[in-house]
Amino acid sequence: TGDMFLLMLGGGALAAAAGAIGAAVFGYGAMGITIRLPLTTVIGMGVTQFVMSLIGPFVFGYIVNALAPTFGSTANIGQAHKLTIYSATAGMLAGVFAIFPPIAVLGILGLYSLALLYIGLPILMKTPQDKRLGYFITAIISAIALALVAGFAMSAVRGAMGGAMFGGGDDDDNPLGIVGVLAMVILAPLAAALIQMAISRS
């Protein structure tokens, strides 16, 4: 348990720090336009991403465990947390690429978290081969739902700070800002993680 916590702590901190440094130093660019965010916004984003990277795999573990009986698997919260935390590691480590925008696209390597989740189901949750794919797909749908919830939470934090993901100064919702937040959550925590799980069946 201690090792898993340190893994989440280290991976989450690394991804959050890389993202914050990249945003503060290089900003966000598209079509030749670069936008740099206020330092307070960058710090807020980094802290929130870090918190979400800790919460995401932990909550995901409970949902994976609750789904286990439905797919002929063995419910064991300790094993479920091992699965979700270790599978999220790839996404967290891939978040490091956000430190330099030109290579940020390599963050897609964090999708290897999905492979780790699929590989780990029969090993840790004793999932039968004929139920493995269904279990995996349902877990991914849950992860996407968690990412949406986490994204809205991060948007709320952003709004409370009076900043916007891509500039601004008003309180209107910015679709690009939400997309950026969701991408960050999915790739860096769970995250791949990612992240992020609203579907739970027992």
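Arginine 132 sits over the face of tyrosine 118, 4.0 Å from the ring centre. That is where I want to start. Keep in mind that this is a predicted model.

So what else does tyrosine 118 touch on? Take its ring partner. The rings of tyrosine 118 and phenylalanine 136 have centres 5.2 Å apart, with planes at 80 degrees. Anything over 60 degrees counts as edge-to-face, so this pair is edge-to-face.

Where are the two residues? Tyrosine 118 is in helix H4, residues 112-124. Phenylalanine 136 is in helix H5, residues 129-160. The pair therefore ties together parts that are 18 residues apart in sequence.

Phenylalanine 136 has 15%, and buried means under 20%, so phenylalanine 136 counts as buried.

Now helix H4 itself. H4 has 13 residues. From its first C-alpha to its last, the helix reaches 18 Å. That is close to the 18 Å expected at 1.5 Å a residue. Which residues of H4 are buried? They are Ser113, Leu117, Gly120, Leu121 and Leu124. Just after H4 comes lysine 126, with a positive phi of about 55 degrees.

Next, the aromatic count. A pair of aromatic rings is described by two things: the distance of the centres and the angle of the planes. By the pairing rule, the model has 3 aromatic pairs. One of them joins phenylalanine 58 and tyrosine 62: centres 5.2 Å apart, planes at 80 degrees, so edge-to-face.

Phenylalanine 58 and tyrosine 62 both lie in H2, which covers residues 39-67. They are 4 residues apart, about one turn of the helix.

How accessible is each ring residue? Phenylalanine 58 is at 41% relative accessibility, and counts as partly exposed. Tyrosine 62 is at 45%, and is partly exposed too.

One more distance for phenylalanine 58. Lysine 82 is 24 residues away in sequence.

To recap. Phenylalanine 58 and tyrosine 62 pair edge-to-face, and both lie in H2. Tyrosine 118 and phenylalanine 136 pair edge-to-face, with tyrosine 118 in H4 and phenylalanine 136 in H5. And arginine 132 lies over the face of tyrosine 118.

Definitions and conventions: Residues are numbered from 1 along each chain as its sequence is written. This is a predicted model: local features need pLDDT of at least 70, side-chain atom pairs count only at pLDDT 80 or more; totals for chains, interfaces and linings use all residues. Side-chain values use heavy atoms; hydrogens and water are left out. Helices (H or I, at least four residues) and strands (E, at least two) are DSSP runs, numbered from the N terminus. Buried means under 20% relative accessible area, exposed over 50%, partly exposed in between (1.4 Å probe, protein chains only). Rings of Phe, Tyr and Trp (its six-membered ring) pair if their centres lie within 6.5 Å; planes under 30 degrees apart count as stacked, over 60 as edge-to-face and the rest as tilted. A charge sits over a ring if NZ of Lys or CZ of Arg is within 6 Å of the ring centre and within 35 degrees of the ring normal. The expected span of a helix is 1.5 Å times one less than its number of residues.
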